[in-house]
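Good morning, everyone, and thank you for letting me take a few minutes.

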Amino acid sequence: MTTPLAKPAAARPRHPYLTALATARARTGLALVGAVVLAGLLAPLLAGHPPTDQSALTLAPLGTPGHPLGTDDLGRDLLSRLLYGIRADLGIIAVAVPLGAVLGCLLALAAATHPAVDTAVQRAFDLILAFPGLILALAVTAVLGPGRLPVVLVVALAEVPVFGRLLRAGVLAQRSREYVTAARVGGTSARRILTRHVLPNAADPLVVQFAVSLTVAVFLEGAMSFLGVGVRPPEPTLGAVLSQSMPHLAQAPHFAAGPLVTVTALVLGLSLVAEALNREVRR
């Protein structure tokens with residue numbers, strides 16, 4: 001007597017984020033971002049010289065022995081400055097964007113507690129948004145001076161209203177849903193409704209925005225360093241290296257190639273990941 005074959009267990013559905021990251025678009029973006037991040041993390045191993053050491057060999061071309069990417073106008077190794085510039089930029093972005101996201105979300109949650117608090121928070125967001133990113137950067141550095149901390153503060157402040165308003169809109173949209181009304185009628189506390197029902201359903205746009213904000217932070221930090229109000233020299237950043245290359249473009253175009261290619265790869269990779277996440281979230 002034969003026994004019937006057991007039915008295979010139902011496969012667990014994949015998380016939407018994992019599905020999005022498995023697409024070709026997202027994999028390409030992750031590969032680009034991963035290559036840049038890996039180069040920054042391995043800077044002490046890959047760089048052949050300290051990034052601030054000067055030599056008599058100025059504006060050396062590509063392929064110079066001991067200097068694969070050449071040297072800058074002060075004889076500093078461009079490969080070392082590029083790698084340590086990536087390291088500095090990633091360190092700033094990794095702190096500033098999460099800080100801005102957390103502060104914005106906390107303010108949005110505080111605004112959800114009372115209409116008066118909501119009004120005050122929205123006016124604070126309006127005040128920050130009234131200053132374009134570079135004007136905000138100039139205002140902060142005028143008070144604190146150039147350096148790493150002002151760059152972190154500028155990037156974080158620029159992202160606070162973005163995340164705050166996005167979460168506030170999501171919370172307001174979810175509050176009117178039927179499942180929230182049913183939970184309220186069933187006697188569930190307002191705090192539990194917010195943490196267990198509203199926030200998980202309002203969080204998806206925040207994940208997409210986080211990837212977009214990383215892209216914006218790359219541009220903002222680079223612009224501040226390019227204008228000379230970012231990290232103090234001689235510490236290298238991608239924007240600082242690019243700024244130093246401007247007077248020598250005709251004589252040494254390779255001077256600007258490294259930071260331009262790196263910023264392009266990083267921004268393109270983050271944009272591809274953000275687009276893949278956005279397509280999955282909007283389904």
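This is a predicted model: local features need pLDDT of at least 70, side-chain atom pairs count only at pLDDT 80 or more; totals for chains, interfaces and linings use all residues.

Residues are numbered from 1 along each chain as its sequence is written, and side-chain values use heavy atoms, with hydrogens and water left out.

Back to G100, then, which sits in helix α4; helices here are DSSP runs of H or I with at least four residues, strands are runs of E with at least two, and both are numbered from the N terminus. What does G100 touch, once we leave aside its neighbours within four places in sequence? It is in contact with A156, E159, V160 and F163, and contact means heavy atoms within 4.5 Å.

Let me now step back to the whole chain. It has twelve helices and zero strands, and its radius of gyration is 24 Å, well over the 19 Å that the globule rule gives for 283 residues, so the chain is more spread out than a compact globule. That radius is taken over C-alpha atoms, and the rule is 2.2 Å times the number of residues to the power 0.38. Along its principal axes, the C-alpha trace spans about 75 × 75 × 25 Å. Buried residues make up 41% of the 283 residues, and among contacts between residues at least 6 apart in sequence, 69% join residues at least 24 apart.

Next come two helix pairs. The axes of helix α6, residues 133–144, and helix α7, residues 148–175, come within 9 Å and cross at roughly 140°; these axes are lines fitted to C-alpha atoms, for helices over the stretch in contact, and angles run from 0 to 180 degrees between N-to-C directions. The two helices are therefore oblique to each other, given that angles under 35 degrees count as roughly parallel, over 145 as roughly antiparallel, 65 to 115 as roughly perpendicular and the rest as oblique. Which residues of α6 and α7 meet? On the α6 side they are G133, L136, A137, V140, T141 and L144, and on the α7 side P150, L153, V154, L157 and A158. These contact residues divide into nine nonpolar, two polar and no charged, where Ala, Val, Leu, Ile, Met, Phe, Trp, Tyr, Cys and Pro count as nonpolar, Asp, Glu, Lys and Arg as charged, and the others, Gly among them, as polar.

The second pair is helix α10, residues 204–227, with helix α11, residues 238–245, whose axes come within 7 Å and cross at roughly 40°, and α10 and α11 are therefore oblique to each other. In this contact G222, S225 and F226 of α10 meet G239, A240, L242 and S243 of α11, and the residues divide into three nonpolar, four polar and no charged. Helix α11 is mostly covered, with six of its eight residues buried, and those buried residues pack against α4, α10 and α12. In the loop between α10 and α11 we find P234, and the peptide bond from P233 to P234 is cis, with omega near 10°.

L59, in the loop between α3 and α4, has a positive phi of about 50° although it is not a glycine, and it is buried, at 17% relative accessible area. Q122 lies in helix α5, residues 115–129, counts as buried at 8% relative accessibility, and is in contact with R165 and R168, leaving aside neighbours within four places in sequence.

Key:
Buried means under 20% relative accessible area, exposed over 50%, partly exposed in between (1.4 Å probe, protein chains only).
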